There are 2 protein chains.
Amino acid sequence: MQFWKRSHLCGDLRLADDSSRVTLSGWVRRRRDHGGVIFIDLCDRTGLTQVVFSPAASPEAHRTAQDLRSEFVVAIRGEVRSRPEGTVNPKLPTGEIEVFADGLQIINPSLTPPFPIEDEEDLQEEIRLRYRYLDLRRPSMLRNLHLRHRVTGRVRRILDEQGFWEIETPLLTKSTPEGARDYLVPSRVHPGKFYALPQSPQLFKQMLMVAGVDKYFQIARCLRDEDLRADRQPEHTQIDLEMSFVEPEDIFEVIEGMVGTLFSEFLGFEMARPLRRMTYAEAMLTYGSDKPDLRFGLKIREVGDIFRENEFRVIRQALDSGGVVRGLAVPGGAALSLKQLDDLTGFCQEAGAGGLLWILFKEGGALKSPMKKYLSEGEVAHLRELFDCSEGDCLMLIADQAPTAAEVLGRLRLKLAADLKLIPRDRFEFLWVVDFPLLAYNPEEKRFEAVHHPFTSPHPEDLELLKTDPGKVRSRAYDLVLNGTELGGGSIRIHREEVQEQVFALLNIKREEARSRFGFLLEALHYGAPPHGGIALGLDRLLMLMGGLSSIRDVITFPKTQKAICLTTGSPSEVSPRQLKDLHIGLTVPRGEEQP
Amino acid sequence: MQFWKRSHLCGDLRLADDSSRVTLSGWVRRRRDHGGVIFIDLCDRTGLTQVVFSPAASPEAHRTAQDLRSEFVVAIRGEVRSRPEGTVNPKLPTGEIEVFADGLQIINPSLTPPFPIEDEEDLQEEIRLRYRYLDLRRPSMLRNLHLRHRVTGRVRRILDEQGFWEIETPLLTKSTPEGARDYLVPSRVHPGKFYALPQSPQLFKQMLMVAGVDKYFQIARCLRDEDLRADRQPEHTQIDLEMSFVEPEDIFEVIEGMVGTLFSEFLGFEMARPLRRMTYAEAMLTYGSDKPDLRFGLKIREVGDIFRENEFRVIRQALDSGGVVRGLAVPGGAALSLKQLDDLTGFCQEAGAGGLLWILFKEGGALKSPMKKYLSEGEVAHLRELFDCSEGDCLMLIADQAPTAAEVLGRLRLKLAADLKLIPRDRFEFLWVVDFPLLAYNPEEKRFEAVHHPFTSPHPEDLELLKTDPGKVRSRAYDLVLNGTELGGGSIRIHREEVQEQVFALLNIKREEARSRFGFLLEALHYGAPPHGGIALGLDRLLMLMGGLSSIRDVITFPKTQKAICLTTGSPSEVSPRQLKDLHIGLTVPRGEEQP
């Protein structure tokens with residue numbers, strides 16, 4: 001009719017198709033004019049076929065081919081031929097053939113694109129996002145889109161096979177601010193009222209458990225109006241699931257099975273199951289992080305006991321004020337220069353510590369350390385044994401309050417691993433971090449806050465502590481961590497109303513406030529709520545790690561910038577006064593104050 | 001740990017499990033105390049098992065069972081036994097067995113629910129939505145959720161197998177009002193600016209085609225701030241797809257294959273393919289509707305030619321002013337009383353006609369009609385032949401301008417079919433309506449509007465008419481219609497920028513306005529846009545029809561009311577002044593003006 005219908009895709013043809021007549025369509029990637037004969041690379045999402053125009057085959061097609069430029073959309077007709085010896089391209093699946101064209105149809109011309117549609121280009125992200133439809137046309141980006149499609153499809157099948165039902169929960173819902181800010185949507189029909197976009201389907205999935213759904217999942221869109229950091233997006237997607245009549249191990253089994261299958265099928269990586277479980281306490285102590293990267297060592301150890309009698313001022317002060325001394329050993333670290341050690345000390349100070357203590361175990365048994373004269377032989381022996389230090393290594397110590405020591409050493413550990421190139425690529429170290437604290441005290445607001453969220457169940461062994469020492473109560477929350485990145489987290493929820501009210505009270509959420517914000521959930525707990533729990537995995541992060549990519553923006557089709565702008569469409573943008581009037585709102589800033 | 005883990009689900013057990021020891025958990029649906037022995041129906045989403053507590057088996061369990069009330073969550077342990085003769089329930093998959101419990105654990109008690117969790121109950125929708133988590137627990141609603149899960153899963157697999165990639169498009173996007181109103185989301189980071197929630201992924205999926213994705217789909221959430229009618233929801237879900245290098249027939253093939261598979265696998269209905277195609281012109285003429293219900297006849301015919309010489313005033317006036325005379329025959333309609341005919345006339349007048357003409361063909365050959373004396377024998381013979389009328393039938397005619405005649409007769413046809421019970425149940429009549437007009441003239445605003453949307457391609461044969469007679473231009477838009485309901489629609493899109501600009505000009509969308517609203521799409525068309533087209537099917541409507549339900553709210557988990565309220569969560573609701581301040585907006589109505 002208007003254009004020739006293709007008989008094959010650009011990645012289809014092989015030597016077996018030799019002499020076939022074919023019609024292809026796609027984008028002209030490159031054109032080479034070899035004195036009378038014109039070659040083009042014709043591309044679509046499946047690959048690339050070399051097409052040859054010679055005046056002998058068709059003077060007309062050859063003439064038209066002279067007008068071809070990059071990214072023209074064309075259809076060609078011709079005959080498949082094996083490539084002459086010496087011109088075979090073994091890197092290309094179609095590299096053994098080419099198509100001799102005797103017909104050419106220009107379906108749509110193209111302006112010269114702002115950047116070549118090639119993988120090798122090191123492009124500015126701003127221009128990529130501005131012309132996202134061209135950026136996505138690059139083979140690597142099409143591959144990312146395809147991976148996302150295949151992974152989500154596989155996730156759905158895995159969960160379906162286990163009896164999970166995918167259920168859509170509303171996008172226009174109620175504002176129940178907790179943690180991040182809600183995006184709000186003014187109601188036109190109800191003046192002065194607002195919907196909120198969901199930060200997660202949390203409350204809905206819990207109601208689904210009350211409804212008896214038993215096993216729910218959703219590849220769910222979540223929106224959070226956060227102050228954006230690198231690799232945060234206003235909207236992200238999570239693999240969200242919830243189950244009834246379960247304990248944490250039931251959730252772990254589902255997730256390990258699912259993630260294991262994905263890594264095996266898509267990456268050929270066989271995950272050892274069951275995954276390691278580590279308590280929050282151990283993770284904080286040994287790795288200074290609740291999402292430890294286990295691809296390398298540099299384990300942190302408590303050494304306060306060794307220094308019980310030590311008189312070095314910094315150590316004495318820390319221990320006497322209830323603090324800790326912890327450290328890690330750096331293999332080969334004795335070679336660090338004073339300048340390097342100074343820089344590391346600066347790093348630790350920026351991270352919140354008073355300073356950094358170091359002990360270099362030089363070749364030949366000599367020690368070098370600012371606290372050298374305070375170190376007894378016994379202490380040194382103990383330290384070397386504990387850290388398994390050899391000559392040539394270095395010990396780094398922080399003496400401070402426990403949370404600061406953990407935080408600083410955690411960061412130092414990551415920095416040293418990066419600086420010293422201790423992180424193996426192509427390795428996947430998963431673990432579950434369990435037994436998070438239920439509550440964290442916010443000294444500024446002088447109140448407890450939920451570490452996970454206010455619906456997380458306290459650890460059954462710690463129920464009594466709720467009344468006596470709430471800060472010590474462990475929760476039934478857990479995180480799945482991969483290579484130092486939190487892939488997701490979840491918890492067993494509170495299913496009994498009296499426990500939920502107790503937790504709200506500890507969080508200083510007043511009865512009335514709780515009713516107005518979460519009343520519907522509290523009410524649901526009255527009517528036969530089963531024990532239930534779940535988890536949400538960040539799909540974008542999972543795909544980023546699976547794809548070996550450095551930014552989640554490479555697996556999101558139309559991402560926003562760190563300033564929450566869509567450079568492709570230019571949103572957010574101004575709207576008409578009429579639209580605002582309809583919504584019963586006005587601006588508290590002058591219109592057009594900020595230009596895009 | 002805290003509760004006994006179930007060994008089976010409540011719908012699992014059969015006679016073959018006789019004498020097995022099992023642990024079940026679920027909800028107590030009914031409790032019957034038969035003098036010393038207590039029976040309960042224990043339910044979960046898979047079904048129901050009868051559980052028996054006798055003092056003999058366990059005095060303790062029997063004692064606790066006396067406290068059970070409806071919707072308590074419990075776990076029981078016991079032994080499966082075949083039911084005694086005479087107590088087998090053949091309607092129940094588990095009806096041949098019961099479980100003799102010797103252990104009972106009350107996991108969570110329940111208040112008496114506001115309505116019984118049963119299918120037979122004829123409940124007020126308001127209370128169902130208020131306690132949606134209980135409403136969904138009813139077996140029929142769980143079945144609807146399950147159907148939705150299975151259908152969307154099947155749709156995804158069908159499209160995946162054909163090479164479609166599911167791709168998520170943004171929820172926070174740009175306001176490009178066209179048709180319905182956008183829901184807006186104020187930006188906190190960019191004062192005075194707004195995101196819009198997507199009315200459909202239209203612009204994004206077109207950009208994906210420019211990107212070379214070739215075959216895209218998405219089970220997409222769409223939000224429209226419309227004035228709500230019955231069976232409209234602020235948010236709905238569509239099966240959205242788009243393909244490159246296609247013509248309408250390619251889209252039809254995909255959709256017919258998909259819908260055919262769904263109806264065959266889920267309903268055992270074998271759809272005859274290819275589906276019927278009907279032009280918009282024919283549909284409007286013959287059925288007075290662009291979504292004709294083909295489950296019954298009552299076809300409308302043009303009869304102006306027959307009445308060329310007729311002098312009856314109403315007919316004369318219509319024909320002389322360029323109008324039409326059209327009618328339909330009602331089998332057995334001669335039995336209609338004058339009162340009934342008066343009522344039908346009133347109905348037609350309300351629908352916009354001046355009146356209704358009728359001709360009753362009485363038994364014995366007599367005619368009854370207000371225009372009897374103006375009817376020649378030749379006219380009567382022609383009419384009877386055209387409509388294939390027998391004695392006992394009735395002819396109903398409208399003489400008016402063509403659009404009014406179509407509209408009124410279309411509505412009259414549906415009313416007659418309902419009144420006379422001519423609509424067979426359990427029948428599915430699909431068709432494609434094609435060749436919609438591209439533009440419709442809006443006499444109030446004195447401008448053309450897009451019938452489909454402004455990116456719809458004109459019919460290639462009508463390109464010249466764009467300049468000379470735009471109202472006559474057909475588009476390449478199409479609708480899929482089932483039993484008089486529009487299941488969805490789509491079109492081949494404009495892929496060349498000069499055509500897109502021409503259409504914008506006809507729609508009186510100025511160049512500048514077009515650039516600021518759709519500039520990114522116009523720009524994308526510059527860079528090698530392939531020919532492309534697609535369609536979106538309303539998932540909620542499809543499921544409603546597949547489930548034989550009368551409301552889309554029965555297939556939406558947490559629907560809004562017609563006033564766009566979520567009765568479960570109480571959204572929309574007021575938000576704090578702090579939240580508004582953060583968003584740089586104020587209310588133009590007093591706070592709390594409207595109470596929920």
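## Ground rules

Residues are numbered from 1 along each chain as its sequence is written, while chains are lettered from A and ligands numbered from 1 in the order in which they are written. Because the model is predicted, local features need pLDDT of at least 70 and side-chain atom pairs count only at pLDDT 80 or more, whereas totals for chains, interfaces and linings use all residues; side-chain values use heavy atoms, with hydrogens and water left out.

## How the two copies relate

## The interface

Across the interface, 131 residues of chain A are in contact with 131 residues of chain B, contact being heavy atoms within 4.5 Å. Of the interface residues of chain A, 100% are also interface residues in chain B, so the copies meet through the same surface. Together the chains bury about 12,200 Å², with 58% of it on carbon and sulfur atoms; buried area is the accessible area (1.4 Å probe) that two parts lose on being put together, summed over both. In chain A, the residues that lose the most area to chain B are Arg45(A), Phe245(A) and Tyr527(A), together 7% of what that side buries.

Arg188(A) and Asp225(B) meet through their side chains in a salt bridge (3.0 Å, N to O). Helix α4 (residues 139-161) of chain A gives the largest share of the side of chain A that touches chain B, 8 residues. Helices (H or I, at least four residues) and strands (E, at least two) are DSSP runs, numbered from the N terminus. The residues on that side of chain A divide into 63 nonpolar, 33 polar and 35 charged, where Ala, Val, Leu, Ile, Met, Phe, Trp, Tyr, Cys and Pro count as nonpolar, Asp, Glu, Lys and Arg as charged, and the others, Gly among them, as polar.

## Strands between and within chains

Strand β23 (residues 585-587) of chain A and strand β23 (residues 585-587) of chain B run antiparallel and are joined by 3 bridges; two strands pair if DSSP finds at least two bridges between them. In this pairing, Ile585(A) stands opposite Leu587(B).

Within chain A, 5 strands form an open antiparallel sheet in the order β12-β13-β16-β14-β15. β12 (301-302) and β15 (367-368) of chain A stand at the edges with a single partner strand each, so one side of each is left without a neighbour in the sheet. β12(A) pairs with strand β13 (residues 324-330) of chain A over 2 bridges, and Glu302(A) stands opposite Arg326(A).

Over all chains, the structure holds 102 salt bridges. One joins the side chains of Arg553(A) and Glu125(A) (2.7 Å, N to O). Arg553(A) lies in the loop between α15 (539-546) and α16 (577-582) of chain A and Glu125(A) in helix α2 (residues 125-130) of chain A, so the pair ties together parts that are 428 residues apart in sequence.

## Backbone details in chain B

Most residues other than glycine have a negative phi, and most peptide bonds are trans. A cis peptide bond joins Arg273(B) and Pro274(B), with omega about -5°; Pro274(B) sits in the loop between α6 (248-267) and β11 (276-279) of chain B. The bond from Ser571(B) to Pro572(B) is cis, with omega near 0°. Leu298(B), not a glycine, has a positive phi of about 55°.

Terms used. A salt bridge is a side-chain nitrogen of Lys or Arg within 4 Å of a carboxyl oxygen of Asp or Glu.
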